[in-house]
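Please look through the structure shown below before reading the numbered points. They are written for someone who is new to notes of this kind.

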Amino acid sequence: GAAVAPARSQSIRTLLAHGGGSDMTAAEPPPAGDEAPQDPAGVLVLLVLGLQGMGTLFAFNTIITPLKYYELRFAASPFSSSFESMLSITFNAVALASIVAFQRLQHVIRLRTTIFATLACELVVFATLTVYTLSPLRRPADELHALLEASSTASFTVTLCCTALAAAATGLLNGSVVAYCAMFPARYTQVAVGGMALAGLAVSVAGLATTVPTQNQLVAAGGGGRAPRPFV
């Protein structure tokens, strides 16, 4: 048993030395052994895989959370009452299709290539959404309402296209991260799954924080600067 543990640890070190297995396809077998590496690099690998797990579901949680913003931005469009279901259906349908496609792609495309490409795609998507969201704020306040009404349908179209791209990237990223974790001992997969759960929690907490009324809003509502009494 004492001789086996160093051998298993050495197999993990060998895997890390080759890019953590990211130059492999998912079809190639992981190194033998079920024990976690005993070297300090194991902690860093756990952290990276946890962040990768967060990244796999971050896009979905981020897109479906800002409903108040969508209600304002799409108010004058034909999709003002159906945008929520359309965004959810689009994301889930495209993500499912990309996961199915990954079953074939995983045998021919390196995991490193897939992970970096999908993360780059999500970066472009959210950069586009950020710019598109902030651009109306450059207009004078008296023109803002008219601008939002005039661009309501175009805003929905841009958001829907970005949602589809993010969904395709998410499906491929999810499959790639799971295949990547499978090359390591079981606890590495558990850390990635924990990261997925943490992504949903982080976005929910951030969304809740943005809905907390400010002091000025409470005063404007006639609360005298005091928080309203909770309804029981």
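**Notes on a predicted model**

1. C121 counts as partly exposed because its relative accessibility is 26%, where partly exposed lies between buried, under 20% relative accessible area, and exposed, over 50%, using a 1.4 Å probe and protein chains only. C121 is in no disulfide, and the nearest cysteine sulfur, which belongs to C162, lies 9.3 Å away, whereas a disulfide is defined as a pair of cysteine sulfur atoms within 2.5 Å.

2. The model is predicted, so local features need pLDDT of at least 70 and side-chain atom pairs count only at pLDDT 80 or more, while totals for chains, interfaces and linings use all residues. Residues are numbered from 1 along each chain as its sequence is written, and side-chain values use heavy atoms, with hydrogens and water left out.

3. A search of the whole structure finds zero disulfides. C162 is likewise in no disulfide, the nearest cysteine sulfur being that of C161, 7.0 Å away. With a relative accessible area of 7%, C162 is buried.

4. How many helices and strands does the chain have? The secondary structure comes to nine helices and zero strands, where helices (H or I, at least four residues) and strands (E, at least two) are DSSP runs numbered from the N terminus.

5. Helix α4, residues 83–105, and helix α7, residues 152–181, have axes that come within 7 Å and cross at roughly 35 degrees; the axes are lines fitted to C-alpha atoms, for helices over the stretch in contact, and angles run from 0 to 180 degrees between N-to-C directions. The crossing of α4 and α7 is right-handed, a term for a near helix turned clockwise from the far one by less than a right angle, with anticlockwise giving left-handed.

6. Where does T118 sit? T118 is placed in helix α5, which covers residues 111–134, and T118 counts as buried because its relative accessibility is 4%. Apart from neighbours within four places in sequence, T118 is in contact with A169, L172 and L173, where contact means heavy atoms within 4.5 Å.

7. For the chain as a whole, 34% of the 232 residues count as buried. Among contacts in the chain with a separation of 6 or more, 83% come from residues 24 or more positions apart. The accessible surface is about 13400 Å², with 68% of that area belonging to carbon and sulfur atoms, as computed by the Shrake-Rupley method with a 1.4 Å probe.
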